Amino acid sequence: MRVLLPVAYQVTQRVAYDPLRADQHEPGSPALGFGSVHIELDLPNAANGMFQFRTDLLSDAFGKAVDWTKLRVTRTGSRYDGIAELPAGGWYRIDVRVVEDNKVVAEASVEPIGVGEVFVIAGQSYAAGYSDALTQIEDPQGRVVAYDVDKKTWRVANDPQPNVGPGGTVWPSMCNALLPVIQVPIGLINVAVDATSSRKWLPGGKLYEDFATAGKTVGSFRFVLWQQGESDVLEKVPTDTYFNNLVRIRAGLLNEWAFEPPWLLAKSTLHPMVYNDPTHEGYIRAAIDRLWNTPGFRPGPDTDVLGGENRGGPHSRRHFSELGQRRAGLMWFAAVWNELQRSDYPSPHE
């Protein structure tokens with residue numbers, strides 16, 4: 001028997017996290033939530049016994065182990081599908097077995113896997129891999145991971161991130177601050193593309209399709225993290241046009257995903273090694289101000305405050321310097337943490 005899903009390093013979005021009951025002295029235990037982990041098995045010979053699963057905690061893991069529990073499955077040919085509910089946490093090893101007449105007739109396992117927070121990232125080069133430093137995940141267990149949409153695998157989210165450019169990003173810095181606080185693994189799926197204006201993300205185009213596919217691939221996630229706007233400054237896009245483009249992109253993706261993840265929008269219009277255009281930067285900043293007050297959108301960081309030493313010079317990649325990456329990452333941490341503390345969000349769908 002083989003476990004096809006989950007795959008190694010995969011993070012499933014948790015539900016039922018309650019920030020009002022997440023403190024360490026919460027009666028019973030902190031309300032950190034749980035995840036419905038899709039298990040897909042390949043078993044060439046038909047099995048009539050009972051399917052069971054369990055989890056073991058790996059080194060320094062968050063969460064709780066689950067002892068042998070019945071796994072309800074449906075069969076299609078040699079494939080068996082089921083759902084295992086696991087407490088938020090990880091890394092776990094998950095074992096699956098089939099028991100007939102008190103004998104184990106098939107077994108398999110996969111590690112590591114986790115249940116935690118998943119974010120979809122989109123935008124242009126400041127969201128992608130075009131900054132100076134290749135930053136790393138500091139957690140010794142590597143509980144911050146990125147999905148490679150080409151290889152269809154997960155791996156530790158060290159820069160460069162999969163398929164979004166050869167340079168550094170702000171995301172390891174964000175997650176290095178976030179992981180010890182939320183104490184659950186973090187999964188990232190990044191579809192940002194450099195030099196893309198908002199119109200290139202509109203429904204009907206390839207970027208939109210890739211964006212939609214990313215959300216469908218993970219099935220459920222907490223937030224969209226959007227950092228984009230510089231190309232719209234270059235194109236001198238009016239405030240209303242940028243506003244309407246973002247509303248249209250989000251509305252289309254709601255139909256694709258069938259749930260409503262909040263979008264956290266950065267103010268990202270400054271690109272000092274390419275232009276200095278306060279007027280048209282102001283148009284996009286004004287649009288984002290409006291979007292921050294529009295249902296479905298929420299404030300991300302204002303990374304335009306990071307000038308000077310935070311930006312790469314003429315002999316760099318001309319985006320964030322290493323210092324700027326780390327500061328922007330901390331600003332993203334603050335925005336994400338602030339939103340996670342809101343008690344009025346419905347849980348992401350399962």
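The model is predicted, so to speak of local features pLDDT of at least 70 is needed, side-chain atom pairs count only at pLDDT 80 or more, and totals for chains, interfaces and linings use all residues. Residues are numbered from 1 along each chain as its sequence is written, and side-chain values use heavy atoms, with hydrogens and water left out.

The overall dimensions come next. The radius of gyration, taken over C-alpha atoms, is compared with a globule rule of 2.2 Å times the number of residues to the power 0.38. For 350 residues a compact globule would come near 20 Å, and the 21 Å of the protein agrees with this. Along the principal axes, the C-alpha atoms fill a box of roughly 75 × 40 × 40 Å. Accessible areas follow the Shrake-Rupley method with a 1.4 Å probe, and for residues only the protein chains shown count as cover. On this basis the protein exposes about 14800 Å², of which carbon and sulfur atoms supply 50%. With contact defined as heavy atoms within 4.5 Å, 74% of the contacts between residues at least 6 apart in sequence join residues at least 24 apart.

The protein has 6 helices and 15 strands, taken as DSSP runs numbered from the N terminus (helices H or I, at least four residues; strands E, at least two). Of its 21 residues, 15 are buried, so E9 is largely enclosed by the rest of the structure. Two strands pair if DSSP finds at least two bridges between them. Strand E8 (residues 89-100) pairs with E9 in the antiparallel sense over 9 bridges, and Tyr 92 stands opposite Ile 113 in E9. The hairpin of E8 and E9 has 2 residues between the strands, and there Asp 101 takes a positive phi near 50°. Strand E2 (residues 10-13) pairs with E9 in the parallel sense over 4 bridges, with Thr 12 opposite Val 115. Strand E12 (residues 186-190) runs parallel to E9 and is joined to it by 5 bridges; here Ile 186 is the bridge partner of Glu 117. Another 5 bridges join E9 to the parallel strand E13 (residues 223-227), where Gln 227 is the partner of Gly 123.

Glu 117 also takes part in a salt bridge, defined as a side-chain nitrogen of Lys or Arg within 4 Å of a carboxyl oxygen of Asp or Glu. Its partner is Arg 14, at 2.7 Å from N to O. This pair links distant parts of the chain, 103 residues apart, with Arg 14 in the loop between E2 and strand E3 (34-42) and Glu 117 in strand E9. Both Arg 14 and Glu 117 are buried. In another salt bridge, the closest N and O atoms of Arg 290 and Asp 240 are 2.6 Å apart. Arg 290 lies in helix H5 and Asp 240 in helix H4 (residues 239-257), so the pair ties together parts 50 residues apart in sequence. Arg 290 counts as partly exposed at 37% relative accessibility, and Asp 240 counts as partly exposed at 47%. The count of salt bridges comes to 24.

Note on methods. Buried < 20%, exposed > 50% of the residue type's maximum accessible area, 1.4 Å probe, protein only.
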